[in-house]
Amino acid sequence: MLPDVIAPGLDVLFVGINPGLWSAATGWHFARPGNRFWPALHRGGFTPRLLHPSEQDELLAMGLGITNMVARASARADELTTEELLAGADVLAAKVEHHRPRWVAVVGVTAYRIGFARPKAAFGPQPELLGSARLWVLPNPSGLNAHFTPETLGAAFAELRAAVTAD
């Protein structure tokens, strides 16, 4: 189990799909060297410098946190079942109800579509809330997601950052 980086009243709770095997082994979210979460977080203006995954606990002081939709580690997110994603969305809803972040940013549109039964969801702000939190869907920063470059990932994170600061 990869522990959450979470506290009450965060500005943004980032939600990964599930831990990769490398993250599960290290205990750090988005730890695989090819994962682009940390560079996108920095490019998007959430962190003053590029953080290493081992520095994940520094996010709390910035009003940021990380959890996953599904706790089970796997080599690839497509190994997860629909049932796991649906159950994970319920667990996430309970975490959000308990910790009450202002925003929840799901990092992966396919997991969001399946877990929340929103088959037509697109990237960006979502019309519904999760508890009292506003919802945003970001691209998956995995190195396996070739549809997004480091620049376009950073721009997607910057859009969320702008919405968070304007809120």
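This note goes through a predicted model point by point, from the sheet to single residues.

1. The sheet. Five strands form an open sheet in the order β2-β1-β3-β5-β4, and their pairing is mixed. The edge positions belong to β2 (64–68) and β4, each of which has a single partner strand, so one side of each has no neighbour in the sheet. From one strand to the next the twist averages 25°.

2. Strands β1 and β2. β1, residues 12–16, pairs with β2 in the parallel sense, over five bridges. Within this pairing, Leu13 has Gly65 of β2 as its bridge partner.

3. The helix on the sheet. Helix α5 (residues 150–166) packs on the sheet and touches β1, β3 (103–107) and β5 (133–138). The direction of α5 makes about 165° with that of β5.

4. Aromatic pairs. The model holds nine aromatic pairs. One of them joins Phe14 and Phe37, edge-to-face, at 5.5 Å centre to centre and with 80° between the planes. Phe14 sits in strand β1 and Phe37 in helix α2, so this pair ties together parts that are 23 residues apart in sequence. Phe14 is buried, at 0% relative accessibility, and Phe37 is buried, also at 0%.

5. A further pair at Phe14. The ring centres of Phe14 and Phe46 lie 5.4 Å apart and the planes stand at 85°, so this pair is edge-to-face. Phe46 is in the loop between α2 and β2 while Phe14 is in β1, so the parts tied together here are 32 residues apart in sequence. Phe14 and Phe46 are both buried. Ring pairs link Phe14, Phe30, Phe37, Trp38, Phe46 and Phe157 into a cluster.

6. Phe30. This member of the ring cluster is placed in the loop between α1 (21–26) and α2 (37–43). Its phi is near 50°, a positive value in a residue other than glycine. Most residues other than glycine have a negative phi. Phe30 counts as buried because its relative accessibility is 12%, and the cut-off for buried is under 20%.

7. Ala117. Here too phi is positive, at about 50°, although Ala117 is not a glycine. Ala117 lies in the loop between α4 (109–115) and β4 (124–130). Is Ala117 buried or exposed? Ala117 is exposed, with a relative accessible area of 51%; the cut-off for exposed is over 50%.

8. His29. The loop between α1 and α2 also holds His29, which is buried, with a relative accessible area of 1%. A polar atom of the His29 side chain lies 2.8 Å from the backbone oxygen of Pro3. Leaving aside neighbours within four places in sequence, His29 is in contact with residues including Leu2, Asp4, Val5, Trp38, Ile66, Thr67 and Asn68.

9. Glu128. This residue lies in strand β4. Glu128 is buried, with a relative accessible area of 18%. Neighbours within four places in sequence aside, Glu128 is in contact with Tyr112, Arg118 and Leu135.

10. Salt bridges: Arg72 and Glu84. The model holds 10 salt bridges. In one of them, Arg72 meets Glu84, with the closest N and O atoms 2.7 Å apart. The pair links distant parts of the chain, 12 residues apart: Arg72 is in the loop between β2 and α3 (82–99), and Glu84 is in helix α3. Arg72 counts as partly exposed, at 36% relative accessibility.

11. Other salt bridges. Asp78 and Arg76 meet through their side chains in a salt bridge of 3.0 Å, N to O. Asp78 is exposed, at 55% relative accessibility, and Arg76 is partly exposed, at 40%. Glu97 forms a salt bridge with Arg100, where the closest N and O atoms are 3.5 Å apart. Glu97 is partly exposed at 47% relative accessibility, as is Arg100 at 45%.

12. A salt-bridge network. Which residues are linked in a network of salt bridges? They are Asp11, Arg102 and Asp167.

Terms used
Residues numbered from 1 in each chain as written. Predicted model: local features only at pLDDT ≥ 70, side-chain atom pairs only at ≥ 80, totals over all residues. Heavy atoms only, no water. Helix = DSSP H or I, 4+ residues; strand = E, 2+ residues; numbered from the N terminus. Buried < 20%, exposed > 50% of the residue type's maximum accessible area, 1.4 Å probe, protein only. Pairing = 2+ DSSP bridges. Axes fitted to C-alpha atoms, helices over the stretch in contact; angles between N-to-C directions. Contact = heavy atoms within 4.5 Å. Salt bridge = Lys/Arg side-chain N within 4 Å of Asp/Glu carboxyl O. Polar contact = N/O pair within 3.5 Å; in protein donor to acceptor, adjacent residues only side chain to side chain. Phe/Tyr/Trp six-rings, centres within 6.5 Å; stacked < 30°, edge-to-face > 60°.
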